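This report describes the salt bridges of one protein structure. Please examine the sequence and the model shown below before reading on.

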Amino acid sequence: MKPTITAVRLTGASRRAELPLLVLGPASGTSATATWSACAAGLADAFDLLAWDLPGHGHNRSVPDEPYTVAELAAGVLAVVEDVLAQRGEVRGSFAYAGGGDVARELLGLPRRVTRAVLLGPTGLGGGADAYADRRLVVLPDLTDASPAEDPRRVVTELRRHLLGEEPAPDTDGDGPVLDPRSLALVTLAARAVRDPDGVDAHARQARLDGLAAAEVEEALRVAVAAGGGREEPVTGETRTVRVPGSASE
C-alpha cells in the first residue's frame, strides 16, 4: 500500500522556478517543519526546498488503513515529488535529496532520478556509498536525521559544501549558533504573527504541532502584539482571540 504523503514547500513562490529542487526528509516521529525550518533560511537562496510529512505528522492528517513498507513509503514520496516536478515543467525530472537513509536508499535505486544526495546518519545502502558515486552521494554518519533541528548551522554548511561545492566561511567569533532550535522556533512564530496576523491561529496550531508548549506559544504571540502584529482590535464585532491548543483558553 502506497501511503499518502504531504508536501511542505519551504521556498517562496517567487523564486521556485529558478532554483534546483532539493527534497528534504523529516526526522523520525516529527514533522518536516520541525525538522527543517531552522535550516530553510540558509538554503532557500540556492534551492527550491520541498520537505514532506509522514501520515499522522505535521500537515499530513491521513491515517493508513494498513502497515506499509519502506519501498511503499518511497513510492509515496516520489509521487509527491513528481507532482511538484510537473508544476515546475520538469515531468520526470531529477532532484537532489537530503535526510535519513531509508527512503533515500529506495530513491537512489531509481536510475537518473536522484542526481545528488546527502544522507544524515549511518545507512544500509547495499554496496556502500561508493556504489552511488556517479550520483554524488555523500554519507555523514556523525549526523542524524534530527540534526537539521538540533544543529542547523552545521547541516546547512554541510549541504552547501556537498551540493554546491561551497567552503564554509571561517567562524570569526567561535561562539557557534546564537539561538537554540526552540528559541528560533519562538522567534519564527512571533515574526509570522507580525507579518500575517490573519493567519495567526494557523501559525499557533503549527507551533504546537512542532513541539512548543502552549505557554511558550502564548508568550510569543504577546511579543508579536507588542511589536504591532496579532491585532487586538475588534474583528466582526468581537475581540480577536487566538485559541492555543492545550492552553487554558482553549
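Asp142 belongs to the loop between β6 (137-140) and α4 (147-150) and Arg154 to helix α5, so the pair ties together parts 12 residues apart in sequence. Helices (H or I, at least four residues) and strands (E, at least two) are DSSP runs, numbered from the N terminus.

## Basis of the model

The model is predicted: local features need pLDDT of at least 70 and side-chain atom pairs count only at pLDDT 80 or more, while totals for chains, interfaces and linings use all residues. Residues are numbered from 1 along each chain as its sequence is written, and side-chain values use heavy atoms, with hydrogens and water left out.

## Other salt bridges

The structure holds 12 salt bridges. In one of them, Arg160 pairs with Asp45, the closest N and O atoms lying 2.8 Å apart. Arg160 is in helix α5 (residues 152-164) and Asp45 in the loop between α1 (32-40) and β3 (48-53), so this pair ties together parts 115 residues apart in sequence. Arg160 is buried (under 20%), at 13%, whereas Asp45 is partly exposed at 41%.

Salt bridges also link Arg9, Asp48, Arg88 and Glu90 in a network.

Notes:
Salt bridge = Lys/Arg side-chain N within 4 Å of Asp/Glu carboxyl O. Buried < 20%, exposed > 50% of the residue type's maximum accessible area, 1.4 Å probe, protein only.
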